[in-house]
Amino acid sequence: MDERDWDILLMLYQTQNITRAAENLFITQAALSIRIKSIEKYFGTKLVERHSHGIFFTPIGRHAVEFAREHKNALENLKKKMVIMQDQNVEELRIAMAPILVRFLTTRIVGGFSHLYPYIDFRVRSMTNDKIIKALQNNSVHIGITRSKTRLHGFVTEKFADEGIFIVTSAPVEIKDLEEMTYIDYRQDPYFCSEFKTWWEANFSHPPRRTLYITDFDACKELVRMGKGFGFFPQLLIRSDPDLFAKPVAGPDGQPLQRSTYILCREEMQQNFSVNLFLQFVKEMSKSWK
């Protein structure tokens, strides 16, 4: 059992619903079901029963929830004292993220961290990858979350997550059908422009029949949804969109193409109490990232 498991019990009791609990905890329903089974295995008994309208807690389960509530309150009080006693260097946690990550990850990462540590102030800034590096170097931010794997002397770079890359359309298609379709090109991401060019040239002998260059992702996705062409998007950008069809893309070796997200900070900042809490939170979150 760890702190995350207590949060799971409390959220399940609050929502009485697996789907809503998973959404509020920023994990998938499958990951949540696995954690519930693990908690029940730890206690050696059933805590939660499912029925057609949601879930209900067994008598033992309700005792576990009450203990979780008391445990969380005691732990929160301890953490507040520790922050006051140990962290005198950082008044607020300053985080820089690539623009697309600010939009799609702020709720899951920063929102999740704020839920656990509401007494730690933080500020999130949207920056391009090159500006994130400069901000880290001049100490204007403590942590950078970027799409580029950057190795710098005196800095720590940790991979947070990998996500698949997909051909996205409004209806099911075969790869060979793309030759006759319009490519909706999201121009704000140079990496994807290069990655798509390499993939396309490995699979086709001539350029796409037609290309629309768009700098706004919402416009790109809407054109794809309207059936005006196909997109080449990472999973993060199309998550939970039932109106679109996504086909995984593989490289010449048959392995799925992936896009990674990285966490960067100065080596010495790992000793800072608030920064260390955030890094540990992200590391734990990456284990159940979907």
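A salt bridge is counted here when a side-chain nitrogen of Lys or Arg lies within 4 Å of a carboxyl oxygen of Asp or Glu. The model is predicted, so local features need pLDDT of at least 70 and side-chain atom pairs count only at pLDDT 80 or more, while totals for chains, interfaces and linings use all residues. Residues are numbered from 1 along each chain as its sequence is written, and side-chain values use heavy atoms, with hydrogens and water left out.

By that criterion, the whole structure contains 14 salt bridges. One of them joins K197 to E201, with 2.8 Å between the closest N and O atoms. These two residues are four apart in helix 7 (residues 190-203), a separation of about one helical turn. Helices are DSSP runs of H or I with at least four residues, strands are DSSP runs of E with at least two, and both are numbered from the N terminus.

A second salt bridge connects D218 and R103, whose closest N and O atoms are 2.4 Å apart. Because D218 belongs to helix 8 (residues 217-225) and R103 to helix 5 (residues 99-116), this pair ties together parts that are 115 residues apart in sequence. D218 is partly exposed at 38% relative accessibility, and R103 is partly exposed at 43%. The class rests on relative accessible area with a 1.4 Å probe and protein chains only: buried is under 20%, exposed is over 50%, and partly exposed is in between.

K159 and D162 also form a salt bridge, at 3.4 Å from N to O. K159 has a relative accessible area of 46% and is partly exposed; D162, at 31%, is partly exposed too. Elsewhere, salt bridges link D2, D5 and R35 into a network.

The strands give another view of the fold. Two strands are taken as paired if DSSP finds at least two bridges between them. Strand 5 (residues 143-146) pairs with strand 3 (residues 93-97) in the parallel sense, over three bridges. Within this pairing, I95 has I143 of strand 5 as its bridge partner. Strand 5 is also joined by three bridges to strand 11 (residues 258-266), and these two run antiparallel. Here G144 is partnered by L264 of strand 11.

In a regular strand, side chains alternate between the two faces of the sheet. For strand 5, I143 and I145 are on one side, G144 and T146 are on the other, and all four are buried, so that both faces are covered.
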